[in-house]
Amino acid sequence: MTHASALPVRRGLVHLSIAAVAWGTGGAAGAVLHRTGDLSPVAVSFWRFACGAAFLLAAARVGRRPAGRPSWRTTAVIGPAMAVCQAAYFAAIAESGVAVATMVTMGANPVLVAVGGRIFLREPLSRTRLACVGLAVAGLAMLAGGAGRFTPAGVGYALLSAAGYSTVTLFARSAGDGRGRALWGFAAGAVCLLPLAAAHGLLPAPGDAGAAVLLLVYLGAVPTALAYGLFFAGLRTVSGTTAAVIALLEPLVAAAIGVFLLREHLAPAQLAGGITLLAAVACLARSEMNADG
């Protein structure tokens, strides 16, 4: 009986972990697009959402399973919140650098989700979950390596990005089809980003158009359509706090890509931070399984 009830939670944890790993590859793809395709961060975000919506729509038609349409209220909140999360994160990078933007945004996410889940969704907030959130944030801080510069504008943008992410997470906890929430959320987010993206230039540089298109296809398919679809599906069985902590695997995967593919080096403190982060994720996953069982 315990195994039967734990199965959906185990599947949800796997979905969330795969989503976090896929997100970890998105940063590298976006950075290459910005560098070689001469696309602004806002334009990359627009194409990411537009391509993600197109892939989910095509998948629904091929599978002859139309994605359920969430309520207009949910779409009106999730779409703009996704756009704010992306745009504010890139603005934080411009103001304070990648390390500070990532640390503040990703570190604030589980805290905001935990508090919001307790207030609005009545999710239990045990001592174990609080301890794991603190451990995860500490690991993220060590992984960031203390690089970058803290500025009021950069920290403000990063917190705004975290607020957008936490809003998406909390609203996605409502019942409904995960693919439907992702599809309509991407469509609404793309509409919100279109004016800003058009102002900065929507099309890649002519000389690198082929490579840019391939990268946009990957960005829309894997770190967007696949990742968010799995993330929303996982939220149906796993608490928002646990999902937010598992999402912290994203910068860990990005760091691993830097080490193994880009020949970057991690300091001992950063390596310890990664191990601490993994320990927090494992602890929360076990707590989630025990609570369900």
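Student: At what angle do helix 3 and helix 6 pack, and how far apart are their axes?

Tutor: The angle is about 155°, and the axes are 7 Å apart. Axes are lines fitted to C-alpha atoms, for helices over the stretch in contact, and angles run from 0 to 180 degrees between N-to-C directions. Helices are DSSP runs of H or I with at least four residues, numbered from the N terminus. Before we go on: this is a predicted model, where local features need pLDDT of at least 70, side-chain atom pairs count only at pLDDT 80 or more, and totals for chains, interfaces and linings use all residues. Residues are numbered from 1 along each chain as its sequence is written, and side-chain values use heavy atoms, with hydrogens and water left out.

Student: Why are helix 3 and helix 6 called roughly antiparallel?

Tutor: Angles under 35 degrees count as roughly parallel, over 145 as roughly antiparallel, 65 to 115 as roughly perpendicular and the rest as oblique. Helix 3 and helix 6 pack at about 155°, so they are roughly antiparallel to each other.

Student: What makes helix 4 and helix 6 oblique?

Tutor: Helix 4 (residues 98-120) packs against helix 6 at about 40°, with the axes 8 Å apart. That angle falls in "the rest" of the classes, and therefore the two are oblique to each other.

Student: And what is the handedness of each crossing, helix 4 with helix 6 and helix 3 with helix 6?

Tutor: Helix 4 and helix 6 make a right-handed crossing, while helix 3 and helix 6 cross left-handed. The rule: left-handed if the near helix is turned anticlockwise from the far one by less than a right angle, right-handed if clockwise.

Student: Which class do helix 2 and helix 8 belong to?

Tutor: The axes of helix 2 (residues 41-62) and helix 8 (residues 209-234) come within 8 Å and cross at roughly 65°, so the pair is roughly perpendicular. Their crossing is right-handed. Residues of helix 2 including Trp47 and Phe55 meet residues of helix 8, among them Pro223 and Tyr228; contact means heavy atoms within 4.5 Å.

Student: What makes up the lining of the largest cavity?

Tutor: Phe49, Met82, Cys85, Gln86, Tyr165, Val168 and Tyr228 line it. A cavity is a set of points on a 1 Å grid over the protein atoms alone where a 1.4 Å probe fits but cannot get out, and lining residues have an atom within 4 Å of a point. Helix 3 gives the most to this lining, with three residues.

Student: How do the lining residues divide by type?

Tutor: Six are nonpolar, one is polar and none is charged. Ala, Val, Leu, Ile, Met, Phe, Trp, Tyr, Cys and Pro count as nonpolar, Asp, Glu, Lys and Arg as charged, and the others, Gly among them, as polar.

How values were computed:
On a 1 Å grid over the protein atoms alone, a cavity is a set of points where a 1.4 Å probe fits but cannot get out, and a pocket is an open set with protein on both sides within 12 Å along at least five of seven lines; lining residues have an atom within 4 Å of a point.
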